[in-house]
Structure formats: structure tokens, C-alpha cells
Amino acid sequence: MNKHFLKTLLLTATLIFTSLGVSFAEPKKGGTLIAAVGNSPRHLNPAVQSGIVTGFPGAQLFATPIRYDNNWEPQPYLAESWEISDGGKTVRLNLVKDAVFHDGVPIKSSDVKFSLETIKKNHPFKTMFAPVVSVETPDEHTAILKLSSPHPALMLAMSSQLMAIIPEHVYGDGQDPKTHPQNSENVVGSGPFKLVEFKSGEHIILERFDDFFIDGRPYLDKMVLKIIKDPATRTIGLENGEIDFYAFENVARNIVRLKKNDNLTVTPDGYAAIGPIDWLAFNTKDGKTADVNVRRAIAYAIDRNFILKAIMLGVADEARTGIHPGSPFYEPNVEPYNLDIDKANKILDDAGYKKGSDGMRFGLTVDFGWPGLKPNAEYTKAALKKIGIDVTVRASADFPTWAKTVSNHNFDLTWDTVFNWGDPVIGVHRTYQTSNIKKGVIWSNTQQYSNPKVDAIMEKAGVENDMDKRKALYSDLQKMLANDLPVYWTNTLPYHTIYSKKVGNPPMGIWATSSPMDMTYIKD
Amino acid sequence: MLLVLLVVVVLNFLMLHLAPGDIADTIAQTMGGADEQDMAELRKQYGLDQPFFIQLFNYVVRVALLDFGHSHFYNLPVFDLIMERFPATLLLVFSAQILSLFVGILLGVYAAQNPNGLSSLFVNMFSLFGYAAPVFWTGILLLIAFSLHIPIFPVSGMRDITIESSNFFVHFFDVLRHLFLPMITLASIFFAYYSRLCRASMLEVLGADFVRTAKAKGLSKKDVLLKHALKNSLSPVITFAGLSFSAVVSGAILVETVYSWPGLGTLAFNSIISRDTPVLLGILIFSTLMVTVGNLLTDLTLKALDPRIKI
């Protein structure tokens with residue numbers, strides 16, 4: 001009996017240890033990851049070029065002060081610790097001591113100061129560091145950021161691709177950092193991988209940086225980023241094993257098809273901070289859509305479930321507001337505008353839009369920002385016919401054509417995909433702020449929506465350092481916006497990461513591939 | 001030729017200018033947002049705030065001085081960008097052209113021997129199919145067949161960058177392996193032209209007096225066909241091949257996109273989408289050059305076939 005018990009115990013222990021041994025096995029070192037990317041980046045310096053295309057190689061080449069885990073918690077990266085004091089107006093960064101750039105020069109606090117100032121001047125997201133007045137560098141490993149007001153968005157702005165630490169001794173040579181020759185070749189970075197070769201339109205080859213400041217990382221020897229524009233070709237490449245990894249797949253058909261492949265893992269995780277949302281934007285100043293009743297009627301007539309099931313084939317999530325459902329600030333308890341044709345018709349009747357002899361009340365146009373949204377625009381025509389709105393679908397030849405039309409406010413309705421970019425201050429406020437109505441600038445407040453109460457609440461939320469109070473403010477904001485409806489939000493863009501079973505630890509944080517892949521490895 | 005070049009430059013500059021939006025909008029797109037001051041600065045930097053005629057004049061003067069300028073999108077010299085891609089397109093276009101001529105003529109000769117037979121009908125159907133099918137569709141179909149189900153050819157690119165051999169032949173065969181499917185795809189459009197032209201021309205020649213003489217002399221069937229008939233029936237095929245050279249160059253754009261072939265086609269496509277005027281104009285000038293050289297080669301071949309022709 002006793003013996004038997006001991007035996008069982010021993011067996012159990014062995015089992016536990018073996019399973020632990022398996023699950024906590026040290027990732028294998030070495031190997032080459034073959035990844036595909038859909039577009040060629042302009043260059044590789046994320047300090048002066050935002051966007052996910054530069055973000056992927058950019059986050060491998062350049063380190064940032066902070067990185068984020070899967071739960072939106074900031075983690076040490078180039079800054080081993082930080083202290084926030086003075087009511088959020090002083091942020092002290094303590095840098096890792098032995099960090100060096102790819103050319104062997106130590107990374108100093110003066111580089112942090114230089115990087116922040118370069119980004120503040122050249123990066124398109126001016127809200128990221130707007131309140132930062134100065135950066136003090138009392139010693140080589142301490143940078144103190146002085147702010148004019150509390151700025152809760154700062155932590156996210158210092159993470160992943162948003163605040164690349166670039167070497168002052170290279171980019172501070174007096175040339176314009178936006179067109180610096182070393183943005184594309186001989187890049188001197190601070191991140192886990194260094195550049196071997198960048199051939200625009202062909203490939204980017206990265207190699208392990210042996211003196212990276214985290215010991216033993218990165219695990220991979222090499223990363224090859226193949227630029228493949230054609231989605232069908234990419235899909236075949238993943239299927240036949242020529243490509244190990246592809247992020248930012250958004251073609252529903254391809255996602256459904258690749259999910260059936262046993263050699264591949266397909267996951268929607270990791271895009272919460274990128275936060276892409278598909279929506280129907282209204283011109284709230286000119287034409288019939290200036291009337292909130294018309295906007296509400298349209299929202300009731302468009303079936304979000306149809307879009308999710310028939311157009312997105314079930315791979316996208318519902319998005320009821322302009323904040324991504326993966327964000328801690330998302331408020332699902334707003335008016336959802338579920339399909340209700342009778343209500344929509346009644347709203348229009350009550351507002352005095354009488355149906356003509358042909359059953360139509362009035363006509364509107366609908367544009368779409370990129371080809372992936374064409375089905376949405378065509379569906380809009382069919383859906384709004386039911387409430388007597390005659391919709392004309394206007395197809396633009398390409399992005400600049402559409403951008404010209406919409407940014408100059410020559411539209412009634414337009415489908416669009418807009419990113420949250422981490423903190424609402426960076427990517428959400430811009431769509432609704434009165435001060436951001438800027439003719440000719442795409443992804444500004446092109447709806448020309450203006451509500452002083454909404455402006456006030458955003459201003460308050462932007463400087464509120466208490467997380468719970470901030471959440472409450474954004475909850476109110478989302479409810480107010482859902483009521484005024486400058487935009488009808490429908491779903492998340494179904495970004496998916498697809499990778500071969502031999503890839504371990506793919507980037508699953510909040511920034512997808514715009515975060516360092518120093519922990520990714522290739523299994524035996 | 002210089003006049004042609006000038007017209008090409010002016011017309012294209014005008015067309016690009018008429019397209020709505022500019023490089024500042026494109027850069028805003030890649031950035032995921034923009035700032036109005038940045039956009040104004042960009043337009044100033046690239047001279048886009050100048051009146052149209054000044055922009056045009058500046059460009060023509062620079063091209064005349066052999067300065068193709070900098071790509072607005074990549075911020076690299078246009079000449080370097082084009083030179084990097086030019087060999088790939090040259091390889092694709094010439095190999096496809098030679099392949100389609102070779103196969104087209106072969107099929108044409110074969111079909112001409114028995115013009116109403118089953119095999120002739122088959123050749124016609126096969127070549128017409130290649131002609132009628134959209135080239136990107138053919139491309140993807142071939143990929144599904146020979147990269148996915150029978151994985152013998154790679155899906156994209158021109159070479160395997162993970163090969164670490166210094167042996168020339170390893171790299172040579174690697175490029176050949178990558179070239180195979182794009183070449184077949186591009187060539188497939190032109191099988192029909194060449195085989196039908198060759199067939200018709202062969203039929204005519206086969207009934208000519210000198211062929212009868214050759215047969216009467218007791219020459220073998222092979223000698224009659226290849227030495228006497230074919231040589232005299234090739235002129236229309238070669239002439240047409242020269243004329244269709246520009247079509248091969250434009251067909252290359254689609255083929256390059258499907259196979260991620262790093263040539264001028266994909267670069268041209270990207271520069272239209274991103275309103276990268278200097279790059280596009282540079283490519284157009286190079287394509288004009290390429291077509292001119294293609295025509296010259298045609299003339300030389302014709303002369304070799306028929307010494308009566310003077311250039």
C-alpha cells in the first residue's frame with residue numbers, strides 16, 4: 001500500500017517535472033525566421049516615419065524606453081525603471097547601464113533627449129509629446145522629462161515603435177532626419193537586430209545584434225522580411241511553408257482558408273494597441289447628414305451583424321465605439337444601433353423627410369478609403385434603399401484620390417479604417433476634436449464634428465492620471481459620441497497573425513509586430 | 001527619338017499632374033495620420049507648391065542633364081532605384097519573349113503541316129486559351145499548381161536569400177528556378193499570336209514554287225520545312241514580335257506583381273499609387289529605351305533572315 005503510494009507519488013512528480021520541463025524549456029537559439037510583409041517601407045527609421053510598415057523592422061532595429069505586456073502593463077526595456085512625480089509633471093527614466101548602439105557607442109541619456117526632441121519635431125503624431133517642455137540629463141543614465149501638464153498617454157508614447165531611441169552621433173549631424181541617408185542603409189540602431197540589407201520592394205534582412213543589452217537575446221540569428229504585395233501569393237507561400245510568419249493579414253477569405261491548415265496557427269491576438277476600427281463616417285456639417293436624425297436612421301438601417309457575418313466571414317469583432325474593444329477604455333454599454341428598419345423609417349418621417357413617388361426620400365453618396373471596404377459601400381446602398389435613401393457608390397481610383405475628396409469635405413458618407421495608436425489621446429481624440437478640423441489633412445476631424453462638451457471631456461481625460469477616473473471620463477465620451485453619431489462604428493479590422501507551428505513566442509502583445517521580437521524563436 | 005522622349009515626358013507629367021492627390025497624401029497614408037505643417041513642408045520640399053509649368057520646365061531641364069532626381073517616396077536617387085530593378089525586368093522580358101517566339105514558331109510549323117487536323121485544332125485552342133486568360137489569373141493558377149500542390153517552384157522573388165553558397169552555378173540555377181513560372185506566365189499571352197501567324201505564313205510558303213522545287217530535288221522533309229519554308233515564313237512573325245515588345249513590357253507589370261519579381265513593373269505600379277512622379281517618369285524613359293532597343297534587335301534579326309532587307 002505504502003509502496004504503491006510512493007510509486008504513484010514518484011510517477012506524478014516525474015510527470016509534473018517533465019511537463020514543466022517541456023513548458024518552460026529555454027527557447028532554442030539560432031535559426032532564421034522568414035516573414036512576409038505586404039508593403040515596402042519608405043525607410044526604416046520609426047522616429048520620423050510612423051505606420052505599421054516601418055514599425056515591423058523599426059521595432060527590431062531600435063529599442064524604446066518601455067515595452068508593454070499582453071495586459072497593457074508597462075515593462076522595463078531600455079529604461080530599467082521609472083518614477084512619476086510632481087503630480088505627473090516629472091517623469092524620471094533610469095536607463096540600462098551597459099546598452100550600446102549597433103556601432104558600439106554607449107546609449108546615453110543625451111540620446112534619449114535627442115530622440116524625443118527629433119520625434120516631437122518630425123513625427124506626425126504631435127499629441128504624443130506635446131506637453132513635454134524639456135528633457136534634463138543629470139547623468140549619462142538618467143533622463144528627466146519635464147511636462148507642462150500631466151500626460152497619461154506618455155507611457156504608451158514611450159513604447160514600441162512610437163519612441164525609437166536613435167543615436168545622436170549619427171542622426172544629429174545636421175542633416176534633416178526625415179531624409180537622412182542612414183534611414184535606409186547603414187542604419188545604426190539600438191534594438192535586438194541590426195540591418196544587413198534593405199532592398200526596397202524586395203526584402204529586408206536583419207541579423208542578431210550580439211551586444212544587445214538583454215543577455216542571451218534575441219534568440220533568432222536572422223530575420224528575413226520578404227516584401228510580397230499580392231495577397232494570393234502570400235497565402236500560397238504560407239501554405240507551402242516558404243513563409244513562416246505573416247502579421248496584419250486582413251482579408252477575411254484568406255484568414256478562413258488558412259485557419260483550415262494544420263501546419264499554421266492563425267490568431268487575432270496582439271493588435272489591441274494598433275486598434276484598427278472600420279467605420280462609416282458622416283459629413284456632419286454639409287448636406288442631409290448634418291441632421292443627427294438622418295445619421296441615426298442610417299445607423300439603424302445598417303446591420304452590423306450582416307457586416308460581421310457576410311462580409312467579414314465571422315473573423316472580425318463588433319466595435320460599438322471609436323475605442324478598440326481590446327482597450328481598457330472600451331465602453332460597450334452605449335446605444336448599439338441594432339438593426340431596426342421601422343425605427344429608422346419613423347425617425348426620418350418624424351424629421352420631415354417625406355418619401356417621393358418612387359419611394360425615395362433623398363440621395364447620398366458613399367465613398368470608401370481602400371478596396372477592402374468596397375463590399376461595405378455596396379451593402380450600404382442596398383441597406384439604405386429600405387429606408388428610402390438613394391445611395392450612389394463612388395469608387396476612388398486609389399488612396400490619394402479618396403484622401404483628396406474626403407479631406408476637403410466633399411462627401412456625404414465614407415467607409416474608412418482608422419487606428420487607435422495606443423492611447424486615445426494619440427489616435428482617438430483627433431477624429432472628434434473641434435480644433436482638429438483641418439481641411440486637406442486626412443484622418444483629421446474630416447466629419448467637421450464639433451461639440452464643446454465633447455471637447456471639454458477629452459481635454460480632461462487627456463490629463464487625468466488616475467486610471468479609474470480616466471476610464472469614467474472615456475466612458476462618458478463614448479456615450480456622448482454614440483448619441484451625436486459623427487461616425488457609425490461597426491467592427492474591428494480583422495488583423496490576424498499567421499505563423500508556422502515551428503515558430504515559438506510570436507509577438508502577441510498589444511503592438512503586434514511593431515514590438516521587439518527578441519523572444520521569438522524557431523523550434524527544432 | 002529625342003522628340004519621342006520629350007513627348008513621353010511631357011504627356012506623362014501632365015497625366016500624373018491631373019491625378020488627384022500628391023505625395024504628401026501618400027506619405028500621410030503610410031504614417032497613419034498627418035500634421036498640416038508637415039504636409040505643407042513636404043510639398044514645398046518637393047516643389048509641388050510651384051505652378052505646373054515651372055514644375056514641368058524644371059523636370060525637363062534636369063532630365064536633359066541626365067539627372068533623374070530623387071524618389072519622393074524612398075528618398076533614394078531614381079537612377080539607382082531603376083538600375084537596381086532593371087536587370088530583373090530585362091531578364092524576365094527577354095526570356096519570355098524568346099520562349100514565346102520559340103514555342104509559338106514550333107507550334108505554328110507543326111500545325112501548318114496538317115492545317116485541318118486534330119493537332120492543329122489543339123494548337124489553336126491551346127494558344128487562344130493563353131491569349132484569352134488574364135495574365136494574373138494564369139499566374140496564380142500556375143502558383144497553386146506548381147508551388148502548392150506539386151511544390152517544385154518558389155512562390156515569390158528572384159532568388160533565395162538564405163542560400164549561403166559562393167558557387168556561381170548554385171545561384172544561377174536558383175534564379176532559373178525562380179524565373180520559370182513568371183517567364184511561362186508572361187510568355188503565355190504571346191503563344192497565340194506567334195503560332196497563328198507562323199501557321200498562316202507557313203501555309204502560304206508551303207504552296208510556293210520554290211518549295212515544290214525543293215521537294216522535286218528530293219530533299220528530305222525536314223530540310224524542306226526548316227531550311228526552305230520556315231526561313232522564308234519567319235519575317236511576319238519577327239516583325240510582329242518587334243511590334244509587340246512594348247506589350248510584353250507592360251504585361252510584365254502584372255506578372256511581377258503576382259510573383260513579387262523585383263523588377264521595374266512593381267516599382268512603376270507603386271510609384272503610380274504613391275504619386276512618386278520622378279520614379280515613374282524615370283521608368284517611362286527607360287521603357288522607351290528598352291522598346292527602342294527591342295525594335296533594333298528585330299530589324300537586325302530580319303536582316304539576318306533576309307539579306308535583301310536594308311536598315
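Good morning. I begin in strand S10 of chain A, where Ile227(A) is the bridge partner of Val37(A). The model is a predicted one, in which local features require pLDDT of at least 70 and side-chain atom pairs count only at pLDDT 80 or more, while totals for chains, interfaces and linings use all residues. Residues are numbered from 1 along each chain as its sequence is written, and chains are lettered from A and ligands numbered from 1 in the order in which they are written.

A word on terms. Helices (H or I, at least four residues) and strands (E, at least two) are DSSP runs, numbered from the N terminus. Two strands are said to pair if DSSP finds at least two bridges between them.

To stay with S10(A), residues 222-227: which strands are joined to S10(A) by bridges? Strand S1 of chain A, residues 32-37, runs parallel to S10(A) and is joined to it by six bridges. Strand S9 of chain A, residues 203-208, runs antiparallel to S10(A), with five bridges; here Leu206(A) has Met223(A) as its bridge partner. S10(A) is mostly covered, with five of its six residues buried. A residue counts as buried if 20 or more other C-beta atoms lie within 10 Å of its own, as exposed if 12 or fewer do, and as partly exposed in between, with C-beta atoms placed from the backbone.

For contrast, consider Gly174(A), in the loop between helix H5 (168-171) and strand S8 (193-199) of chain A. Is Gly174(A) buried or exposed? Gly174(A) counts as exposed because it has 5 C-beta neighbours inside 10 Å. Its C-alpha atom is separated by 34 Å from that of Asp221(A), 47 residues apart along the chain.

Next, a hairpin. S6(A) and S7(A) form it with two residues between them. The two strands, residues 132-139 and residues 142-147, run antiparallel and are joined by five bridges. Within this pair, Asp139(A) stands opposite Thr142(A).

Chain A also has an open sheet of five strands, in the order S15-S14-S16-S13-S17, with mixed pairing. Its edge strands, each pairing on one side only, are S15 (389-394) and S17 (487-492) of chain A. Neighbouring strands of the sheet are turned by 30° against each other on average, direction ignored; axes here are lines fitted to C-alpha atoms, for helices over the stretch in contact, and angles run from 0 to 180 degrees between N-to-C directions. Inside the sheet, S14(A), residues 362-368, and S16(A), residues 413-419, run parallel and share three bridges. Asp367(A) has Thr414(A) as its bridge partner in S16(A).

I turn to helix H16 of chain A, residues 467-484. Its 18 residues reach 26 Å from the first C-alpha to the last, close to the 26 Å expected at 1.5 Å a residue; the expected span is 1.5 Å times one less than the number of residues. Which residues of H16(A) are buried? They are Leu473(A), Tyr474(A), Leu477(A), Gln478(A), Leu481(A) and Ala482(A). An α-helix has 3.6 residues a turn, so residues three or four places apart point the same way. The buried residues of H16(A) pack against helices H13 (424-427), H14 (429-432) and H15 (452-462) of chain A. After H16(A) comes Leu485(A), whose phi is positive, near 50°.

Now to chain B. Chain B has 13 helices and zero strands, and its C-alpha trace spans about 85 × 50 × 40 Å along its principal axes. Of its 311 residues, 40% are buried.

How many residues of chain B are in contact with chain A? There are 43, and they meet 45 residues of chain A, where contact means that C-beta atoms, placed from the backbone, lie within 7 Å. The elements giving two or more residues to this side of chain B are H2 (23-31), H3 (36-45), H7 (135-149), H11 (245-259) and H12 (264-273) of chain B. H2(B) supplies the largest share, six residues. By class, this side has 21 nonpolar, 15 polar and seven charged residues. Ala, Val, Leu, Ile, Met, Phe, Trp, Tyr, Cys and Pro count as nonpolar, Asp, Glu, Lys and Arg as charged, and the others, Gly among them, as polar.

Finally, confidence. The model scores ipTM 0.83 and pTM 0.88. Chain B averages a pLDDT of 86, and 99% of its residues score at least 70; pLDDT is the predictor's confidence in each residue, from 0 to 100. In chain B, confidence is lowest in H1(B), residues 2-18, at a mean of 81, and highest in H7(B), at 91.

Conventions: Contact = placed C-beta atoms within 7 Å.
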